[in-house]
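Student: Could we work through this structure together, step by step, before I set up any calculations?

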Amino acid sequence: MDAPVMYLFGCAAPPVHYIDHAIRGAQAEGWEVCLGLTPTAEAWLGGRLPELAELTGRPVRSSYRQPGQPDVWPPASVVVVAPATMNTINQWALGITGTWVVGVVAEAIGKAIPLVAMPCVNEAYAQHPQFEQSLATLRGARVRVLYGPGGFVPNKPGQGRPEAYPWHLALAAARESLAT
């Protein structure tokens with residue numbers, strides 16, 4: 001039996017610097033992991049991209065492939081977007097597919113691929129009225145959103161602990177999505 005495939009999409013929030021922890025955790029659970037990054041997250045991790053590609057055994061992606069070019073990744077069993085920024089959450093909910101990551105997850109809704117999103121925003125961003133509307137929109141589209149109790153809980157601006165981001169919650173939600 002082939003391993004289930006997790007697309008792990010990281011955005012430019014401080015926990016993305018620890019995304020290798022999520023990759024290793026998922027691999028320990030039997031997942032094949034393919035890592036995708038938003039353009040800014042890719043820039044943040046630039047020097048580590050070869051290491052992350054070696055860890056997953058697949059190229060790290062952040063942009064669309066050319067038409068007719070073969071896909072280098074197997075089809076996803078589940079897509080996990082973590083850490084998900086306010087920008088990505090809002091673009092996704094509004095269907096603004098200007099980045100490859102948002103394009104993939106927007107299309108995944110229509111393909112009924114299980115989706116998990118765990119935001120990483122501070123309390124100031126969380127107060128923006130569009131953010132709550134976007135979370136509600138994604139939940140209405142059957143995206144499992146891990147935010148608030150039982151998920152990511154926002155911190156005061158400048159007081160985040162990116163090393164303590166709850167990757168284990170996203171991995172557990174991905175496991176559960178295969179069972180349902």
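Tutor: What follows is a set of questions and answers on a predicted model.

Student: How many helices and strands does the protein chain have, and in what order do the elements run?

Tutor: The secondary structure of the protein chain consists of 8 helices and 5 strands. Read from the N terminus on, the order of these elements is β-α-β-α-α-β-α-α-β-α-α-β-α.

Student: Why can the protein chain be called as compact as a globular protein of its length?

Tutor: For 180 residues the globule rule gives 16 Å, and the chain comes close to that value, so it is as compact as a globular protein of that length. The C-alpha atoms, taken along the principal axes, fill a box of roughly 40 × 35 × 30 Å. The radius of gyration on which the comparison rests is 15 Å.

Student: Among contacts between residues at least 6 apart in sequence, what share joins residues at least 24 apart?

Tutor: Contact here means heavy atoms within 4.5 Å. Among such contacts in the protein chain, counted between residues at least 6 apart in sequence, the share that joins residues at least 24 apart is 78%.

Student: Is Asn-90 buried or exposed?

Tutor: Asn-90 lies in helix H4, which spans residues 86–94. Its relative accessible area is 12%, and the cut-off for a buried residue is under 20%, so Asn-90 is buried.

Student: Which residues does Asn-90 touch, not counting those up to four places away in sequence?

Tutor: Residues up to four places away in sequence are set aside for this question. With that exclusion, the residues that Asn-90 touches are Gln-130, Phe-131 and Ser-134.

Notes:
Residues are numbered from 1 along each chain as its sequence is written. This is a predicted model: local features need pLDDT of at least 70, side-chain atom pairs count only at pLDDT 80 or more; totals for chains, interfaces and linings use all residues. Side-chain values use heavy atoms; hydrogens and water are left out. Helices (H or I, at least four residues) and strands (E, at least two) are DSSP runs, numbered from the N terminus. The radius of gyration is taken over C-alpha atoms; the globule rule is 2.2 Å times the number of residues to the power 0.38. Buried means under 20% relative accessible area, exposed over 50%, partly exposed in between (1.4 Å probe, protein chains only).
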